[in-house]
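Open the model in your viewer and keep the selection panel at hand. The tour goes stop by stop.

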Amino acid sequence: MHEQFNLIIEILGTISFAMSGSFAAMQKRLDPFGVLIIAFVTSVGGGTVRDLLLDVPVFWMTDMMTCSLIFFTCLFSMIFKSIEKNFKVTLFIFDSFGLGLFTIIGIQKGLTAGLHPLICLTLGTITGCFGGIIRDILLNRIPLIFRKEIYATACIVGGGIFLLMSKFTGLSYTLVQIFTIILIVTIRTLAVKYHWRIPKFYGYENNDEM
Amino acid sequence: MHEQFNLIIEILGTISFAMSGSFAAMQKRLDPFGVLIIAFVTSVGGGTVRDLLLDVPVFWMTDMMTCSLIFFTCLFSMIFKSIEKNFKVTLFIFDSFGLGLFTIIGIQKGLTAGLHPLICLTLGTITGCFGGIIRDILLNRIPLIFRKEIYATACIVGGGIFLLMSKFTGLSYTLVQIFTIILIVTIRTLAVKYHWRIPKFYGYENNDEM
Amino acid sequence: MHEQFNLIIEILGTISFAMSGSFAAMQKRLDPFGVLIIAFVTSVGGGTVRDLLLDVPVFWMTDMMTCSLIFFTCLFSMIFKSIEKNFKVTLFIFDSFGLGLFTIIGIQKGLTAGLHPLICLTLGTITGCFGGIIRDILLNRIPLIFRKEIYATACIVGGGIFLLMSKFTGLSYTLVQIFTIILIVTIRTLAVKYHWRIPKFYGYENNDEM
């Protein structure tokens, strides 16, 4: 049952990020093949880097599920987009859910490989954030992760709580997963809604060189 | 004989992309070492990502042929550039040939690894397109692949036809290779010459955030 | 004793690049978690790509030293920054030392794997330069490596001299290492101080397309 729940998480995360990538690409007016490539990269980017780092077979190479999911999600997004123009909120929710889902998957893969919890947290952050970073670089946008929103922070805080809860509480693993995913989505949603900012305790400088 | 033909394809593709990288870097006024690095990255980028994904030894690490080819191509480009100023058409042809040649190599490596044809097509697209994407990101250009030209599309369509022809026709493998490479180059050339665009069946939006 | 010296080089290089990444990120006004991520990527980026290419376990995954070093360096940078505003020279020195130290480590890892000296030089260049390139791409800066300064050149020249000296002179390995690292830092410092430029022997063009 635990395996099945993980599969559901992976499917939902793949769909979420494929949608987020498709919409970002369509907003940049790419042609359908460009949209497909961006959807693919956004969806598998983080997990691919994670699997390369762990030196395990890259997850989307051996079964067709991920690729098919991305293809049909992308197709659906393009068709849906022509009907519905204002899709901001839904898009934001998909991106947040993708972040939460993939962070947890990344941490679990690290734990399975027997790595130190902090390395697992790093892997979770990479899995959750990297797809979106590559998407933004390819679309020539300043990676939003580093600027406006509490993005990586939601990921790191949520992942840390997941590690603590799964180690020190007697709660079922699946319950901890669900709780953490909801937590990450909630943190990010509240952060955007109420314009939360993390305080910077270092001064500013305007010069940009180094 | 089949092995020899594959080697010729790889040599021509390496030279093509090294030229394309050198010229793009010279147009951005990089110093000679910068030009060499961009030529190198453009030429080996796609194949390196493919080999990392397949978890096979990275092709340019074990023999000196690729590195030597890139070095001398780069040197030749720099010398030639000082004589001949207008090199646009030749550069375009080199880039197109590189695309066609590397797509086929990528698909073949995937087939050799026993992967699903659609995964092989993805690998072919990565091998063909990734070097140019990295080149454009490093040179701070919007990756052309996602905007103006039928680039990835030529790659995906050509690769798809390669897979179908090598499976369902009785033609010799080498013949199918030559045909597909010419097809990819032709599609791209005609697309640029006659300003082909793939129709977008989704609406536009001007807001850029997500 | 040789092992211990290598460990010292690695620690100093990690700290140098973590500082360089932290300061670059703070100048772009990222929040503390963003600063940490940039410091991490700058510090481990080059070595990670090197280890993936060599297909050896990624160095920061198995022990906690690197991650701890980066965390505390980043914390120290943020605290220090609030006190001292003008830190340019120190930052420049850190970046140069990181470059020298990591280039040598990269070459050594290649030699250990039994690769051709020129491939080792390539690996050294990747180890030294790649972290800074990723940092600049993520921060949406034009990678400085390709423009203003004699950066990759210092790396390639210094690495080449390291290979020649360790092969053809009877000097102790540690001595050659120290000499080369100082050489790379000196080349870069003099280049920036006296505005050295590598002559371009190819003409200019202003058109940016390809």
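In which helix of chain A does A:Leu101 lie? Select helix 5, residues 88-112, and A:Leu101 is there; helices are DSSP runs of H or I of at least four residues, and strands are E runs of at least two, numbered from the N terminus.

Before moving on, some ground rules. This is a predicted model, where local features need pLDDT of at least 70 and side-chain atom pairs count only at pLDDT 80 or more, while totals for chains, interfaces and linings use all residues. Residues are numbered from 1 along each chain as its sequence is written, chains are lettered from A in the order in which they are written, and side-chain values use heavy atoms, leaving out hydrogens and water.

**Stop 1: around A:Leu101**

Stay on A:Leu101. Its relative accessible area is 4%, so it counts as buried (under 20%; exposed is over 50%, partly exposed in between, with a 1.4 Å probe and protein chains only). Now show its contacts (heavy atoms within 4.5 Å). Leaving aside residues up to four places away in sequence, A:Leu101 touches A:Ile9, A:Leu12, A:Gly13, A:Ser16 and A:Ile181.

**Stop 2: two annotated spans**

UniProt, in an unreviewed entry, lists "transmembrane region" for several spans of chain A, including 33-53 and 113-138. Such annotations may be inferred rather than shown by experiment. Select 33-53 of chain A: the span is 100% helix, and its end C-alpha atoms lie 29 Å apart. Then take 113-138 of chain A: 85% helix, 0% strand, with 31 Å between the end C-alpha atoms.

**Stop 3: the largest cavity**

Select A:Ile137, A:Asn140, B:Asn140, C:Ile137 and C:Asn140. Of the 13 lining residues, these lie nearest the centre of the largest cavity. A cavity is a set of points on a 1 Å grid over the protein atoms alone where a 1.4 Å probe fits but cannot get out; lining residues have an atom within 4 Å of a point. About 130 Å³ of space lies inside. Helix 6 (117-138) of chain B and helix 6 (117-138) of chain C each supply at least two lining residues.

**Stop 4: B:Gln177**

Move to helix 8 of chain B, residues 173-193, and pick B:Gln177. It is buried, because its relative accessible area is 0%. Show the side chain of B:Gln108 too: a polar contact of 3.3 Å joins it to that of B:Gln177 (N or O atoms within 3.5 Å; within protein, one must be able to donate a hydrogen and the other to accept it, and residues adjacent in sequence count only if both atoms are side-chain atoms). Other residues that B:Gln177 touches include B:His2, B:Phe5 and B:Phe162.

Methods. On a 1 Å grid over the protein atoms alone, a cavity is a set of points where a 1.4 Å probe fits but cannot get out, and a pocket is an open set with protein on both sides within 12 Å along at least five of seven lines; lining residues have an atom within 4 Å of a point. Grid points are joined across faces, edges and corners, and a volume is the space filled by probe spheres set on the points.
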